[in-house]
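Subject: Handing over the structure

Hi,

Here is the structure I promised to pass on. Have a look at it first, and then read on for what turned up.

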Amino acid sequence: MTTGFFWDERCFWHGGGNYAGMLPVGGLVQPLDGGLPESPETKRRLKNLIEVTGLARALAMRGADPATREDLLRVHPAHYLDAFKALSDAGGGELGRRTPFGPGGYELAALSAGLAKTALAAVLNGEVTNAYSLSRPPGHHCLPDYPNGFCLFNNIGIAIEAAKAAGLAQRFAVLDWDVHHGNGTEAVFYDRADVLTISLHQERNYPMDTGDFADRGDGGGFGFNLNIPLPPGTGHTGYLAAMERLALPAIRDFAPDVLIVACGFDAAANDPLGRMLATAETFTMMTRQVMAVAQQVCAGKLVMVHEGGYSKTYVPFCGHNVLQEMAGSTITAPDPFAEVFPLRQPDARFDAFVDSWLAEMTAAL
């Protein structure tokens, strides 16, 4: 088994300007060391950790070319690409909601999409068994003509359309376990029956007006979109139950040619933008779950595309666990919060509440 790891140092150089958390600096908003929550350090420290532990030597470390304009046009209209490129060439700015970028932002976003595109193609071509794309900037909030939530191009959408155009696959399943609703990927494929989109997220975190369970798709795509909104504080047990009861059965029924995971780590217990109490072990177990279902339905073809995750200390350990599981490696990075985060998990009463929450959605399918 070979696990591809697709990355590029230049993706760490993407910047969003002078922000303090989610707020642009100015007026009464004081500058903040670190700027936007979407920091290069979470991804850079993950890449550094796999090198320090030696796990990187067990992976096929690769780069990729940027997505071409032809690739981008399959998802994003020309007027959006032109406006983005012009502002990027002029020094940067902000086109949508919470999507600031600096000089060269267009090229860096195209490179991020290119990593996802190449990772998917490598799996479908049989070059690697499975793959992880350390894409930055992320992509799952980006609508076809409107950047959103740190996302400038829809990386997974671009990767899927490129694979279809190349005749590499016809049916795709996307499971998004980022803590925020994958509204952009949903929008790209909302009326399509060839792409199953599933989003497992904290209810009304971001965006606040999307991600309802009732949103199942439109026209010929009805029934091929599944939102699984979860209450804040769901925790380890609830996440695994949501996977077993809702997400995995939907993937089995759809039987895709390949499974793609929008792999955000912001459901982790100490993430500043989530309130879900997942642990590194949660991500280990969810990876084990998706690898098993991929083996059942698509000969193990699995691609992880990095999305959110804003804890500089914890994202590297969550990501290391995912990659260790994907590669079948015995090289570990022990969780530094292994004694603390289990103590913060919900009690049996809350787990029972989440169980009833899931049962209601399951019964409605």
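Helix H8 (residues 280-298) lies across strand E7 (130-133), E8, E11 and strand E12 (302-306), and H8 runs at about 160 degrees to E11. Angles here go from 0 to 180 degrees between N-to-C directions, with axes being lines fitted to C-alpha atoms, for helices over the stretch in contact. Helices (H or I, at least four residues) and strands (E, at least two) are DSSP runs, numbered from the N terminus.

Before I go further: this is a predicted model, in which local features need pLDDT of at least 70 and side-chain atom pairs count only at pLDDT 80 or more, while totals for chains, interfaces and linings use all residues. Residues are numbered from 1 along each chain as its sequence is written, and side-chain values use heavy atoms, with hydrogens and water left out.

Back to H8. Its 19 residues reach 26 Å from the first C-alpha to the last, close to the 27 Å expected at 1.5 Å a residue (the expected span is 1.5 Å times one less than the number of residues). Among the buried residues of H8 are Phe 283, Met 286, Val 290, Met 291 and Val 293. By "buried" I mean under 20% relative accessible area, with exposed being over 50% and partly exposed in between (1.4 Å probe, protein chains only). What do the buried residues of H8 pack against? They pack against E7, E8, H7, E11, E12 and helix H9 (315-327), where contact means heavy atoms within 4.5 Å.

Both ends of H8 have something to look at. Leu 277, in the loop between E11 and H8, has a positive phi of about 65 degrees although it is not a glycine. Leu 277 is buried, at 15% relative accessible area. After H8 comes Ala 299, with a positive phi near 55 degrees. Ala 299 sits in the loop between H8 and E12 and, with 54% relative accessibility, counts as exposed.

Now the sheet. Eight strands make an open sheet with parallel pairing, in the order E4-E1-E7-E12-E11-E8-E9-E10. Strands count as paired if DSSP finds at least two bridges between them. At the edges are strand E4 (60-62) and strand E10 (225-230), each pairing on one side only. From one strand to the next, the twist averages 15 degrees.

Some pairings to trace on screen:

- Strand E8 (residues 172-176) and strand E11 (residues 258-263) run parallel and are joined by five bridges; Leu 175 stands opposite Val 261 in E11.
- E1 and E7 pair in the parallel sense over four bridges, with Thr 3 opposite Asn 130 in E7.
- E1 and E4 also pair in the parallel sense, over three bridges, with Phe 6 opposite Arg 62 in E4.

In strand E1 (residues 3-6), Thr 3 and Phe 5 point one way and Gly 4 and Phe 6 the other, and all are buried.

On to the cores. In soluble globular proteins, nonpolar side chains tend to be buried together. A nonpolar core here is a set of buried Ala, Val, Leu, Ile, Met, Phe, Trp, Tyr and Cys residues joined through side-chain atoms within 4.5 Å. The largest has 65 residues, of which Tyr 132, Trp 177, Ile 228, Phe 283 and Met 304 touch the most other members. Helix H7 (residues 235-254) gives the most to this core, with ten residues. A second, separate core of 45 residues includes Leu 124, Cys 151, Val 303 and Val 305. Leaving out residues up to four places away in sequence, Tyr 132 touches Phe 5, Phe 6, Cys 263, Met 304 and Val 322, among others.

Where are the cis peptide bonds I noted? One runs from Arg 136 to Pro 137, with omega near 5 degrees, and Pro 137 is in the loop between E7 and helix H5 (155-165). Another joins Tyr 206 and Pro 207, with omega about -15 degrees; Pro 207 is found in the loop between strand E9 (195-202) and E10.

Finally, find Phe 350 in helix H10 (residues 348-364). Phe 350 is partly exposed, at 26% relative accessibility. Setting aside neighbours within four places in sequence, Phe 350 is in contact with Pro 231, Pro 232, Gly 233 and Thr 234. Phe 350 and Thr 234 are 116 residues apart in sequence and 8.0 Å apart in space, C-alpha to C-alpha.

Cheers
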